[in-house]
Amino acid sequence: MSAFAAVPPNSGRLATDSVRRIRELGFLGLGELCPAAQNGELGDPNWMEIMHLAAELGLIVLFHADEMVGHRHPGRVITPPEDLQFVLEQCPKLRVILAHLGGGPSGGGGLLDRIRGLLGR
């Protein structure tokens with residue numbers, strides 16, 4: 001059995017120590033991370049430090065990822081594909097799972113095609 005572990009990305013040193021410990025304990029990766037639900041943004045330096053460290057340690061990051069289409073419901077949170085594209089461009093060795101991304105129209109200009117291209121690197 002493989003497992004993913006939660007990490008508090010906004011907690012500075014505790015977050016980086018947690019990521020190292022997660023690797024030492026044999027977890028497969030981090031997640032499910034959802035910046036909107038964890039009071040953060042993927043471009044924030046604390047979050048990016050975690051992404052770079054996860055890539056360095058060979059951990060997979062499971063993101064709550066969806067498009068800004070579909071019906072609204074209580075508790076729905078959005079992780080814009082543009083944010084995911086930014087992370088993938090900044091951390092080209094990062095291995096990710098994008099949960100709930102779907103295949104509908106989003107962002108215009110072929111954004112999902114660019115993400116698919118980054119994932120196929």
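I will go through the overall layout, then the sheet, then the helices, and end with a few individual residues.

Keep in mind throughout that this is a predicted model. The chain has 121 residues, and 40% of them are buried. In secondary structure there are four helices and four strands. Going along the sequence, the pattern reads β-α-β-α-β-α-β-α. On contacts, take the pairs that are at least 6 apart in sequence: 70% of those contacts join residues at least 24 apart.

Now the sheet. The four strands make an open sheet, ordered β1-β2-β3-β4, with parallel pairing. Which strands stand at the edges? They are β1, residues 4-5, and β4, residues 95-99. Each of these has a single partner strand, so one side of each has no neighbour in the sheet.

Let me take the pairings of β2. With β1 it runs parallel, and two bridges join β1 to β2. Ala5 is the residue opposite Leu30 of β2. On to β3: strand β2, residues 29-33, and strand β3, residues 60-64, are also parallel, and they are joined by four bridges. Gly31 has Leu62 as its bridge partner in β3.

How much of β2 is covered? Four of the five residues in β2 are buried, which makes the strand mostly covered.

There is one backbone item to flag here. The peptide bond between Gly31 and Glu32 is cis, with omega at about 5 degrees.

Next, the helices. Helix α2, residues 45-57, lies across β2 and β3, and its direction is at about 145 degrees to β2. A pair of packed helices is described by the angle between the axes and the distance between them. For α2 and helix α3, residues 81-90, the angle is about 50 degrees and the axes are 10 Å apart. The two helices are therefore oblique to each other. Their crossing is right-handed.

Which residues make that contact? From α2 they are Met48, Met51 and His52, and from α3 they are Phe86, Val87 and Gln90. By type, the residues of this contact are four nonpolar, two polar and no charged.

Last, two residues from the part of the chain around α1. Arg23 sits in helix α1, residues 13-24. Apart from neighbours within four places in sequence, Arg23 contacts Leu57 and Leu59. Leu59 is 36 residues from Arg23 along the chain, yet their C-alpha atoms are 7.3 Å apart.

The other one is Gly26, in the loop between α1 and β2. Gly26 has a relative accessible area of 52%, so it is exposed; the cut-off for that class is over 50%. From Gly26 to Phe4 there are 22 residues in sequence and 9.4 Å in space, C-alpha to C-alpha.

Note on methods
Residues are numbered from 1 along each chain as its sequence is written. This is a predicted model: local features need pLDDT of at least 70, side-chain atom pairs count only at pLDDT 80 or more; totals for chains, interfaces and linings use all residues. Side-chain values use heavy atoms; hydrogens and water are left out. Two strands pair if DSSP finds at least two bridges between them. Contact means heavy atoms within 4.5 Å. Axes are lines fitted to C-alpha atoms, for helices over the stretch in contact, and angles run from 0 to 180 degrees between N-to-C directions. Angles under 35 degrees count as roughly parallel, over 145 as roughly antiparallel, 65 to 115 as roughly perpendicular and the rest as oblique. A crossing is left-handed if the near helix is turned anticlockwise from the far one by less than a right angle, and right-handed if clockwise. Ala, Val, Leu, Ile, Met, Phe, Trp, Tyr, Cys and Pro count as nonpolar, Asp, Glu, Lys and Arg as charged, and the others, Gly among them, as polar. Buried means under 20% relative accessible area, exposed over 50%, partly exposed in between (1.4 Å probe, protein chains only).
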